[in-house]
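Q: Could you take me through some local features of a model, giving the general idea and then the case at hand?

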Amino acid sequence: MDALGLLAEVRALRRRELRPLQRALMAHGLSSLGRLESRVAETLQALEHALASLVGEAPYPGGQDPEAFFAGERLLEVRTEALFGPSRPGRTVRVLVTLPVEMASPEGILALHRAGMDAVRLNLGKLPGEAWPSLLGALREAGEALGRPLPLLLDLEGPRLRAVVREPARVRTGDLLALELGGEAPPGLPALAPDRPGLLALREGDRLSLDEGRLVAEVLEAAPFGFLLRAAYAPPKGFKLKTGRALNAPLAPGTPYLGVRDLRVLALAQEVGALVGLSFVRTQEDLASLPQGLAGVVLKLEAREAVANLPALLAAAFRFPTAAMIARGDLGVELGPERAAEVGEELLWLLEAAHTPAVWATHVLDRLVRKGTPSRAELADAVMGARAEVVMLNQGPFLQQAVGLLDGILRRMEAHQHKKTPRLRALHSWPLPGEGD
């Protein structure tokens, strides 16, 4: 069965309440249903044979052929290697790194690779076009030194919005502020404007957010300059409005997916054989304008619509090698923190069922990357990333140290866990009496 057929099986099965059945099976020493994403029919058939044997209806025919039973796992690994390069000894989860300009030399790239980097992401949106050739030249030289090209991801901008601010201002919870759409706000009223106002579809009661939810504002009413907003949430010390902040807001139906800059990035991706990150993809229609012959696409799951439409997006992307990025920062803004945490788990399950590599992204080891020391919470988060096929790090002054630490975490966790399945590696932390003498 193809991956989309398996995805349909998983969706159909998981519409049912399985918790009572799962618990009842455990009392008989039978494997639970909690690890069947890549092999639904095979797991149910094995369970049926075991139960029939237990009640004396039929002799147990023996276990299924392991090659066939675990074929889905192997397919997922093949697809991951095709997109993100070969695995390393002792580690199959790849490390994707957003390359900072200060390390964009052959020597810097090779240093990151030695630390554990497997693939490179270039954020071209923050780099002037004249800098692109030198970055690509450095990657090419590093690939020649390694004997193979490093997988490269280039992001499209998609219908992403950013704030434009004439005068920086600090906004606190409860403050009024202006969203300018063609006119200037009264003096003294903090104001911002979207860089692409034609994409917005706002009405009273809607909410928009800046910088992945650090500021959340509610639309109070239309005004001559655009809309009057009230800050529903801001940090205790206030939020500084400045140009370039990411802006999340409701978009107009039929918003075109590709912009002028996106066409340049697509042409470059085709020229160098890079993967294309589909930022803020929402519907299958967004994929219709992509050219044939791309090396692969990464569905960046940042919008609420992308989560709701994921099966249709996977079907529409099937003409390309496809991965999906769980972009937890924007999802937290779109869905709220509680639902975003739950959806992260569900997306891992669904992508495994579709044999689609999952990229665990946004703020992984963020404090370490930026300040040089990790927090306990982000160490636990990095452990969670081991259940994906790829973990992405953003850029910062301590990036190389973060790559090395992540490499070690993933190697250790791989010995203990694969996806949701404990591997039951021998525990040596608490030797029995007489051991080690």
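The dialogue below turns to a helix, its packing, an aromatic pair and a strand residue.

A: This is a predicted model, in which local features need pLDDT of at least 70 and side-chain atom pairs count only at pLDDT 80 or more, while totals for chains, interfaces and linings use all residues. Residues are numbered from 1 along each chain as its sequence is written, and side-chain values use heavy atoms, with hydrogens and water left out.

Q: How many residues of helix 6 are buried?
A: Buried means under 20% relative accessible area, exposed over 50% and partly exposed in between, with a 1.4 Å probe and protein chains only; helices (H or I, at least four residues) and strands (E, at least two) are DSSP runs numbered from the N terminus. Helix 6, residues 106-115, has eight of its ten residues buried, among them Ile109, Leu110 and His113. Contact means heavy atoms within 4.5 Å, and the cover over these buried residues includes strand 1 (94-98), helix 7 (132-146) and helix 15 (399-416). Just after helix 6, Gly116 takes a positive phi of about 140 degrees.

Q: At what angle do helix 6 and helix 7 pack?
A: Two packed helices are described by the angle between their axes and the distance between the axes. The axes are lines fitted to C-alpha atoms over the stretch in contact, with angles running from 0 to 180 degrees between N-to-C directions. Helix 6 and helix 7 pack at about 55 degrees, with their axes 8 Å apart, and they are therefore oblique to each other (under 35 degrees is roughly parallel, over 145 roughly antiparallel, 65 to 115 roughly perpendicular, and the rest oblique). Pro106, Ile109, Leu110 and His113 in helix 6 meet residues of helix 7 including Ala138, Leu139 and Glu141.

Q: Which rings form the aromatic pair?
A: Rings of Phe, Tyr and Trp (its six-membered ring) pair if their centres lie within 6.5 Å, and planes under 30 degrees apart count as stacked, over 60 as edge-to-face and the rest as tilted. The structure holds one such pair. The rings of Phe69 and Phe70 have centres 5.1 Å apart and planes at 85 degrees, so the pair is edge-to-face. Phe69, at 17% relative accessibility, counts as buried, whereas Phe70, at 34%, counts as partly exposed.

Q: Is Leu299 buried or exposed?
A: Leu299, which lies in strand 14 (residues 297-301), counts as buried at 0% relative accessibility. Leaving aside residues up to four places away in sequence, Leu299 touches several others, including Leu278, Val281 and Ala317. Leu299 and Ala317 are 18 residues apart in sequence and 8.6 Å apart in space, C-alpha to C-alpha.
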